[in-house]
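Subject: Structure for you to look at

Hello,

Here is the structure I promised to pass on. Please open it first, then read my notes below.

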Amino acid sequence: MDFKEHITDKLTELTGLDRETVSAAMETPPDEKLGDLAFPCFPLAKVMRKAPPLIAQELASKLSADDLIDKVDAVGGYLNFFFNRSVFISDTVSAAMDAGNSWGSADIGRGKTVLVEYSSPNIAKPFHIGHLFSTAIGNSLARIYKFLGYDVQSLNHLGDWGTQFGKLICAYKRWGDPEIIEKDPINELLKIYVKFHEEAEKDPSLEDEAREYFKKLEDGDEEATSLWKHFRDLSLVEFNRVYDMLGVKFDSYNGEAFYSDKMDEVVRLLDEKGLLVESEGAKVVDLSDMDMPPCIILKSDGATIYATRDIAAALYRHRTYSFYKNIYVVGLPQSLHFRQIFETMRRAGWEWSKDCVHVGFGLVKLPGKNMSTRHGDVIFLEDVLNESIEKTRAIIEKNNSAVDDIDAVSKKIGIGAVLYTFLKNSREKDIVFSWDTMLDFDGESAPYCMYGYARGKSILRRAEGIDYSKADLSKAVSDDAYTLVKQLAVFGDAVRDAAEKNEPFYVTRYVTNLVKLFNKFYNTNPIMREDVPEDVKKARLAIVDAVCTVIRSALALLGIDVVESM
RNA sequence: GCACCUGUAGCUCAGCUGGAUAGAGCACAAGAUUCCGAUUCUUGGUGCCGCAGGUUCGAAUCCUGUCAGGUGUGCCA
């Protein structure tokens, strides 16, 4: 039985308002002592020509307690409802236990395909800490949409094309040593790439040489192509090592190169629509009426540009997947670019362009400077993950914890901790990288959440043999149990909010609060102690079981694995 | 210049489709375990919600202006 619907029904009948209005007006009081659900009477004041507090009192006097509602209070202009705690706990916990891993999930996405483009590192460049932002958010969104029943395709739009490959080939031919590169590909390639930029400052003719190499690559020159493929293969091996650590999987690695032969059509289509105008030798789409600079489609030398490529990719995805949503998890600095290409696609008459959405995120900065691949100022993601894993291991060893497999456990906690710091705040905030905050396991953190889960599982292990599946949940009623179960009930809301806003951190906050309440619960409500009556024990165990399941589900949506003990 | 983002406690941030005394974590201080594992829990208090106007019964939240920081701004991605 849904408490909110029940109350909405009653109020709808009483006020004569339509159901939607009543339901939308309902809110949760700021303090639990005030009640579980509130109906503000302010909007009624105009219609009824009475003061809100008076209306609240009148309504309160006409409402009586029933099976679901314990009490109705008028406080100021608010009408506050108190649920029957026993019924609420029983209903919620048994529903959650029945649902198990699917608690909080939905099927609102059935038959709809959501594309999530994320991570998208550049070939032959290091996978640095900045890439984790896109990877963490994208992976989490993919999992969240799946949980809601959508068919999700994870797309890794690799940066595997463009003039930087000309530079790389140029640098390789001058300074590359195949043996060293074989051993440590990305570092070596980065080294010669940085060297290229240093040398090019002294000798600008290098840039021309690089352009020529890229031209060769575009023309299908055999040597250039085989080098390109070699770089790409080496890079993917390294990237996959990191993706494996993070538990990230993609359905497609079609990058920029894949679309390089699909752009002529885009140019033709845009031209047919009469969108292309000549400007300073280039072909552009004029967007000045939208306060935007023009979207360049063909450069003055006739070559295509990334806008063209991205439009070609969007068109390809529309044809291939007929998507419900096409999400780009790409840094905020590119928001103008996306506004331009989305608008261009809209003008091309592609109504599906409205389903394309740029999910931006802030910068990861180093104290005092920005990360720059060109200057080699980067922090490797793998180093951060390994550092975090080592720190975790040290803590476990110090605590002498009884852990079966310290390697696996340290890995899950260490990586979870790093992921958590990227998913704990709204994505548009910049992050200033610091080893201290990255490895801060105190307070709101992945280890905190994982510890709560491990404690819960520890209690359940002690309870082996006790059948609490048919426990009388009314025996578990207490303030802390009630608050906890209320949080249990709103998991699905948090997931839906996260999807609607494309903000994984709603789930992060949700699970952190759940764990907080759970810690309090088992601190104040003893479970396996001897003096706890059997029926109370069973009821509390049922709650612990349901909570553990939800902690695991929620963390999984963030890409974080739980551990049974730590 | 123009566009977008940000400005809330000492620090890092929630809250922003207007609503009841503005909340967390960190840091700081004091306490709790005859224990179901202390990576736990409890208790402490701090805010010109950048500033100024406006709309409203009511504004951290909406509108306008303004200041500060960041990002972007035609042939890189």
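The largest nonpolar core has 150 residues. Leu79, Phe81, Phe422 and Ile543 have the most contacts inside it. By nonpolar core I mean a set of buried Ala, Val, Leu, Ile, Met, Phe, Trp, Tyr and Cys residues joined through side-chain atoms within 4.5 Å. Buried is under 20% relative accessible area, exposed is over 50%, and partly exposed is in between (1.4 Å probe, protein chains only). Helix H22 (residues 534–557) gives the largest share of this core, 13 residues. Helices (H or I, at least four residues) and strands (E, at least two) are DSSP runs, numbered from the N terminus. Domain 1 (3–83) and domain 2 (162–246) both contribute residues, so the core lies between them. The domain bounds come from an automatic or database domain assignment. Another core, of 31 residues, lies apart from this one and includes Leu269, Leu276, Met292 and Trp350.

Two ground rules. This is a predicted model: local features need pLDDT of at least 70, side-chain atom pairs count only at pLDDT 80 or more, and totals for chains, interfaces and linings use all residues. Residues are numbered from 1 along each chain as its sequence is written, chains are lettered from A and ligands numbered from 1 in the order in which they are written, and side-chain values use heavy atoms, with hydrogens and water left out.

Now lysine 325. It lies in strand E9 (residues 325–329). Lysine 325 is buried yet has no salt bridge, meaning a side-chain nitrogen of Lys or Arg within 4 Å of a carboxyl oxygen of Asp or Glu. The nearest side chain of opposite charge is aspartate 355, 8.5 Å away. Lys and Arg count as positive, Asp and Glu as negative; His and the chain ends are not counted. What does the side chain of lysine 325 join in a polar contact? The side chain of tyrosine 145, at 3.0 Å. (A polar contact is a pair of N or O atoms within 3.5 Å; within protein, one must be able to donate a hydrogen and the other to accept it, and residues adjacent in sequence count only if both atoms are side-chain atoms.)

Two backbone points to finish. Alanine 124 has a positive phi of about 70° although it is not a glycine. Alanine 124 sits in the loop between strand E4 (113–117) and helix H6 (129–147), and is buried at 3% relative accessibility. Asparagine 502 also has a positive phi, near 55°. Its loop runs between helix H20 (491–501) and helix H21 (505–524).

Best wishes
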